Every structure is written in structure tokens, then in C-alpha cells.
Amino acid sequence: MNTACIAVSSNIGDRTITIETNHIARQASGAVWVRYGDTVVLVAVVQDEKTRENVDFVPLMVDYQEMSYAAGRIPGGFFRREIGRPSEKEVLTSRLIDRPIRPLFPKGYNHEVQIIATVLSVDQENEPDVLAITGASAALHISEIPFGGPVAAVRIGRVDGNFVINPSSEQLSKSDINLVVAGTKEAIVMVEGGAIFVPEEDLLEALEIAHRAIQPIIEMQEELREKIGRPKKHIVLPERRLELVEAVKNIAMESLRDVMTTAEKVLRKERKKALHEHVISTLIEEYPDSQKEIEEILYELEREIVRKMMIEEGRRIDGRGMSDIRPIEIAVGVLPRTHGSAIFRRGETQVLAVTTLGSSSDEQKIEALTGETFKSFMLHYNFPPFCVGEVKPLRGPSRREIGHGALAERAVQPILPDSESFPYTVRVVSEVLESNGSSSMATVCGATLALMDAGVPVKDMVAGIAMGLVKEGDRIAILTDIIGDEDHLGDMDFKVTGNDKGVTALQMDIKISGITREIMREALEEAKRARLKILEKMRSVISAPRPELSPYAPRVITTQISPDKIRDVIGPGGKVIKQILSETGTKIDIEENGRILIMGPYLEACQKALEKIKLITTEPEVGQIYVAKITKITDFGAFAEIRPNLEGLIHISQLDTKRVKKVTDVVKEGDEVLVKVIEIDKDGRFKLSRKAVMEMQEIHHKRDRHPKKS
């Protein structure tokens, strides 16, 4: 058995990418080892010999997993191994791999296929996600599995006005663009990423540069296939029985156009179901065991009718023109006790967005190969089954929900204030109440409104829109604000978010071989026009953030202390801070640099806690007066605590203005008395006087009784 390594390589973004095969995972249908810098990803693909009957989709499973050993770490938790639910990063990367690859399987292919991408080594500079996409394509391309690739992916950023292919982590932190672009030799097939108000023309240039950078990686995969590729299995689709096609057309064609121009989604679904049942019941006796074929013919007719109507008549399913936006309804402040809320409806898509404010202790801890990070902004998207009139068990968030939430979060992130000026952790939850296309873009609009209703001082407003495409030969129709059936029957789902200044997030998936730069430019221009109209509608309801936070939102005060005073605020075993929390009812977060965030239900409680912290951290000086607590009685005086962990002595001669024979005649342990600091000796010991305060009080009392005559 020849197990010699077969490798191809190319220089991409000033670094070398290498794809190796034939020496690893040889029992898989195809497996490759992709290396870029010191980041290594193993991708293996397996085709099940059995077929899945009666499925109208590619039975493809994609799993991306990051192994802790890749970064020289041991996993946390009881089991000390990678186990349980995948992380959000793993879910999002699995989707990134799936989306450009799934449309490239041939129609009618129904073997189960599993792709597993495993991160084996990570160098903290080169992201493994784009390598996993390329690796999945390469593994499929050299296998016997029928696949219309290859595809490849790169990340593109822009630092100081210069575009960078596969930017390092440091470069990415300074970049105003972060896009993952996947494509074939001919065209781009997927885009995913964010930007900081970048103009459309700049994004088009970025995509063009990214597509050029993909070409050498495509050529590498072709070279690899020439060296070791297996013959592809051919898919033979059963030919349609022409007499059955004609029979279905004769019964359904006239009614189907009427059904497919029913504007209301639920009614259209009911009418479509009734028509399908009628056609099947009419033909099943003459054509037994042909229900699946009849359903497929009906779907092909639906697709033909809708696409022809759009291309030739400029008319859509719900009667709109190509660039028309569905009617919009907006309401803010709809929930009485939440910190901020909004309902955004566009046609038959409706979301309820809710904002909650918390402290820095509510931040989400992210454990990744690059180390631990914390998120102070979270946007969670929920898609309950009732929003599409279905019955399903409730489980944890699906991959789709995680993906849509991440897209909306990326879209809204650029408008959030910095943590210095607004030291809250912010969570927005989008509950999809109705869905008929583009609920993720409605989420972007709803989230913006809910943040403003909560009084979050956002820098601007953003909105989102989903664009579609129907392409037949040289004729195209670009659709604004697509509904579910238009997404299903069309060739593109292109989501764009931003405002008049530029784009904040971009997501594109296409089902055809590719689209031209001109089509993409037109889609971006139409998307901008649409989102500006939506923003105008949003601003007519709420034009600026509320001037005050909700009365039910917590209040936050920040202060800065010297880091060496942190231990004084915490106290031995946390005694001091626990006492402050107990007395004020606040929540206090202390950062390593000495920044303190005090959060409480009321501003007064926060200020009370702040005063106590200032008392602890401010060095006492001679002449200052304190409320001191007597902690110990002696024959020569009493020890009193003027602040936590700081005591001084009240000598018996300083206890009263009169002569004191016995200390306990004046004070007892636990008493609180006013004292003045009268001396700090060279050893830092404090001498206190109750007598001095009493004398001061007596002087003020006399002045009040005998004011000067004018």
C-alpha cells in the first residue's frame, strides 16, 4: 500500500498554504490535511453507501470541532475532554462550511455524506475556519462523491485603507472589514461577515480582490485531483414520464398560477396543499406509486410559473413590484417591566425584541483556542415553531437560530457605545412571532429600536433587508425584501445591514454557479435604498435613544482606585465588600486595573456604596472626622474602627470634655461615636479624639444661641 504523502502548496497572503493527502485517514472517502502557518485542520468526508429514500434535500452533515490540544491546553470541566454541545464558534463554522458546499451536490443525490473538520493545531494568528472550508472542498474533490466544486475560501480585511488577505489576529483588530468569501473558479458563492459602516463600492472591491486570491487555492485542488482523485460516481436521474407531466399540467397549470399569486402565506399554503391533494387523488389510480413524482412535477411547475412571472411580468407572488418593501408596523415600549422593548413587523414577518441591562459580571465568558474572552453584548434569536404555524418540541437553540443571532449581533455591534461611557452588559433577545422571510433582518431593526427604547446611547440606527435574485439565461430580476417562497424558488439570498454611512453586516448565499459584479452592485444599491426607507420609518417612531434609562433598569456608577487598594475594598475573606453589598443592596465588580463598577436598583444605593468605597480608599488625614465603631475597651482608652480594617486609639483623656474615671462610663463595645483624627505617628498609628468633636459641637451650639447682631 502506497502511503506516501501527496502535497500541493501555494503562497496566499504572504504565507504558504499546503494541502496534503494519502497519508492520513485513508478509510474515509476523502481526507486532507490543510496547513497555513502553524494552523492545521484535518478534514475527512465519508459517503454512506446506502441512500436516503423520499428526501428532497442533500442528506449532508457538517461538523467542525476545535480540540483544546491544538492550542496546548487541557479542557476544563469534570471530564477534562471535549464533550457535549459544540460551542457557538463551532456551530457558526459548521454553517460556514455547509453553505458554499451544499448547492454543489447534483440534483437527486441522496447518499448521506458527513464532513468532519478537526482543528489539530492553531498558531493564534491564522484562523482555521477558512482552511476548513477549503479542506472540505478538497476532500470532496478527490473523492468519488459527485461534487460540482472545487470551492475555496479566504478572509479579507482592510487595515489603514489597504486590503489584506487572511489578516492576522492583530491586523483584524484594526480592520474595518472582516469578510469570509468562498467561491469557485468562475464566481463567488458565499459571503459572510461584518464591516464598520463601509461603503458598498469598497465592499465590491474587497469581494473582487478576495475572489482573485481564491484562484490559486482552486488550482491547488485541481492539481491534487489530477494526482490522486478517484473517478466520480455518476447520478442518473429517472426521466420524467412525459405523459404524467402533461397530465399534471392539464389538471394543475391553470389553478397553480392563481394559487402562487395568493398574497397571504397561510392561505397560499392551504390552497397549495388542497391543489396537490386534488392532483394526486385524480392521477394516483392511473399512475400508482407515483405520488413522489407528482409532487416533484408540481414543484417544478411552481418554480417555472413564479420565475417566469418575475422575469417577464415584473410581478411577484404577493403582487409587489421588484423593489417594493412590504408594509411596516412599529411599536416601542410594549412591555411594561423590561428595560427596553419593540415590535417590528414587515409584512408577515414580526419580531419582538427585548433589551436587558446588566453589570460586567453578566458578561459571557468565551473559552476558545485563542484563550478566554468576555462579551458584553449578546443578541439571541429565537424561532419558536408557532411563528410558522408548526408543532415541534422545544429544544436548545438550533444551528439556524445561532447563525441568525450572530448575523444580527454583528450588524448591531458597531452602533453600541464603548464600555467606558456605558459600563453595562447588554443583552437583546429577538422572539420571532411570525415568519415569512427575512426574520434575521427584522431582528436587526427590532434590536435597534429596543436598544433605543432602553435608553442605550447608540451611535446611530441600523436596519437590514434581504435581497433575492431570479436569473434565467441573460435575464435577471432582483427582488427587494424577499418572502419565504421567493427565497425557496429563487437563486440568491443576500442580506445587507447598515445605514446611510455604509454597511455593517453582509451575508450572501447563491444556488447558481455565480453572479457578476454588476448584479452584486445592483443588489447592494437596491438594498441601500430599501434600508434607508426602513430607517425613515423607524425614525418616525423613535428618533433618538430615551434620555433616561427605564426605572426598572439598574443604575451604574464607576470609580477608579489605585490597584493596591483593591485588597482593602475586598477585605480579609471578602469581609469588607460583603458588608458593603449587604448594607447597600448593590452589586460591585472590581477590575484588575482598579476600575470599580457599582450597580444597584437605585442611584441612591449606588452613591451610598461609592461613599463607603471612597472612605476605605482615601487615606485619613489629621483633622478629619469619622463615625467610628468601638471595637475594644482598655483601662487607658478605647480602640475604634474609623473604616474597615483601620483602627485608632481614643485615649481616656480624649473620651469626653469632663474627666473620665472609667472608659465604660462613656462608651461600650459596638457603640458608634464621632471622632476626630488628632495625630498620625511615625509608625502610622492613629490617635483619635471624641473630646475634640464635642468641643466643636459646643462652639457651634453657642453660636446658634447667640448670633452676632447686625
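Colleague: How many helices and strands are in the protein chain?
Modeller: The protein chain has 15 helices and 29 strands, taken as DSSP runs (helices are H or I with at least four residues, strands E with at least two) and numbered from the N terminus. This is a predicted model, where local features need pLDDT of at least 70 and side-chain atom pairs count only at 80 or more, while totals for chains, interfaces and linings use all residues. Residues are numbered from 1 along each chain as its sequence is written, and side-chain values use heavy atoms, leaving out hydrogens and water.

Colleague: And what does the C-alpha trace span along its principal axes?
Modeller: About 120 × 65 × 50 Å for the protein chain.

Colleague: What share of the residues is buried?
Modeller: 51% of the 710 residues, where buried means under 20% relative accessible area, exposed over 50% and partly exposed in between, with a 1.4 Å probe and protein chains only.

Colleague: Switching topic, where does E222 lie?
Modeller: E222 belongs to helix 4, which covers residues 200-228.

Colleague: Is E222 buried or partly exposed?
Modeller: Partly exposed, as its relative accessible area is 34%.

Colleague: Which residues is E222 in contact with, leaving aside neighbours within four places in sequence?
Modeller: H141 and P150, with contact meaning heavy atoms within 4.5 Å.

Colleague: What about T16, how many Å is it from E222 in space?
Modeller: The two are 17 Å apart, C-alpha to C-alpha, and 206 residues apart in sequence.
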